[in-house]
Amino acid sequence: MLTIILIGILCGTVLSLFFSFGPGFWGLLQNSIHYGFRKGAAFELGINMSDLMMVVLMLTLFNNDSITTILHTPMASIIGGAVIIVFGVVTMVRRPTRTVEHHGRIRVVLKEAPSGKTLAVQGFALNSFNPSVWLYWAALTAVVKAEVHLDDVELFAFFLSMLLAELGGGILKCRLASLLQNILSNKMLAKVNRIMGAILIGLGLYLIVNMIVRLTHPDRPEKEPTEMVSHILHQSLNHAHDSTHNADTLYLE
């Protein structure tokens, strides 16, 4: 069990630091820079709770093949892309709501900043309406359930440790991004909002355009972004299981 948890932590850390560059990542950076560490951490918590919901549903109620089929429909991409575009537009037009006081050290005072609960809901919604995230977790849970021999307790322990590690990685991103809050002027912060908003709009448009391309070219080979990650998870967990099995065999002998 300990080996399973450690592998989950390792995989979650790698995924958080090197593979998480979707809309949630850019929204996290923007909120951390704009509102500071605590507000950014609330946004990250919302994202993580959304991931937890998806994993629990994939492991219990949902059939991975069915949910994958649904998420590959035009409506899913249009709705998800539209929601991300709306977030991007709101981010672009957002203006800095803060004053900067100088009393020996720089101190940023926020005005009319959203509450932590509001940002957590925004993070949850942005992540939940992204069909790519659902497909991502559907692929990973399918590989682990179908090809790695884990009982229910080990399965939940693996994904829980993985999600906690991802949360830790997200909190680290919040902290690093928030360090820019006292450095950037309001003018620069407005530019950051426009850049982050443009990135979100681009990602939303990509979801919609990618679906159009898939419909017009059904035979076009599709790259699976989770293929390499799934392979790593598969090999790591199988190695852990084989090691445990061999140790048990030696013990019995």
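Biologist: In what order do the elements of the protein chain run from the N terminus on?
Modeller: The order is α-α-α-α-α-β-β-α-α-α-α-α. In total the protein chain has 10 helices and two strands. Helices (H or I, at least four residues) and strands (E, at least two) are DSSP runs, numbered from the N terminus. One caution: this is a predicted model, where local features need pLDDT of at least 70, side-chain atom pairs count only at pLDDT 80 or more, and totals for chains, interfaces and linings use all residues. Residues are numbered from 1 along each chain as its sequence is written, and side-chain values use heavy atoms, with hydrogens and water left out.

Biologist: What share of the 253 residues is buried?
Modeller: Buried residues make up 42% of the protein chain. Buried means under 20% relative accessible area, exposed means over 50%, and partly exposed is in between (1.4 Å probe, protein chains only).

Biologist: Onto the surface. Which residues make the nonpolar patch?
Modeller: L45, M49, L52, V56, F124, F156, L160 and L164 make the patch, which covers about 660 Å². Patches are made of residues with over 30% relative accessible area and no salt bridge; like charges are joined within 9 Å, and nonpolar side chains (Val, Leu, Ile, Met, Phe, Trp, Tyr) within 5 Å. A salt bridge is a side-chain nitrogen of Lys or Arg within 4 Å of a carboxyl oxygen of Asp or Glu. The areas come from the Shrake-Rupley method with a 1.4 Å probe, and for residues only the protein chains shown count as cover.

Biologist: Which helix gives the most to the patch?
Modeller: Helix 3 does, with four residues. Helix 3 (37–60) and helix 8 (152–178) each supply at least two.

Biologist: Why does V56 count as partly exposed?
Modeller: V56 counts as partly exposed because its relative accessibility is 34%. V56 lies in helix 3.

Biologist: And F156, where is that?
Modeller: F156 is in helix 8. F156 has a relative accessible area of 37%, so F156 is partly exposed.

Biologist: Change of topic, helix packing. What describes two packed helices?
Modeller: The angle between their axes and the distance between the axes. Axes are lines fitted to C-alpha atoms, for helices over the stretch in contact, and angles run from 0 to 180 degrees between N-to-C directions.

Biologist: At what angle do helix 2 and helix 3 pack?
Modeller: About 160°, with the axes 7 Å apart; helix 2 is residues 23–35. Helix 2 and helix 3 are therefore roughly antiparallel. Angles under 35 degrees count as roughly parallel, over 145 as roughly antiparallel, 65 to 115 as roughly perpendicular and the rest as oblique. Helix 2 passes helix 3 in a right-handed crossing. A crossing is left-handed if the near helix is turned anticlockwise from the far one by less than a right angle, and right-handed if clockwise.

Biologist: How do helix 2 and helix 8 cross?
Modeller: Their axes cross at roughly 45° and come within 8 Å. That makes helix 2 oblique to helix 8. The crossing is right-handed.

Biologist: What about helix 3 and helix 6, at what angle do they pack?
Modeller: Helix 3 and helix 6 (residues 116–128) pack at about 40°, with their axes 7 Å apart. That makes helix 3 oblique to helix 6. Their crossing is right-handed.

Biologist: Last one. Is V133 buried or exposed?
Modeller: V133 counts as buried, because its relative accessibility is 13%. V133 lies in helix 7 (residues 131–147).
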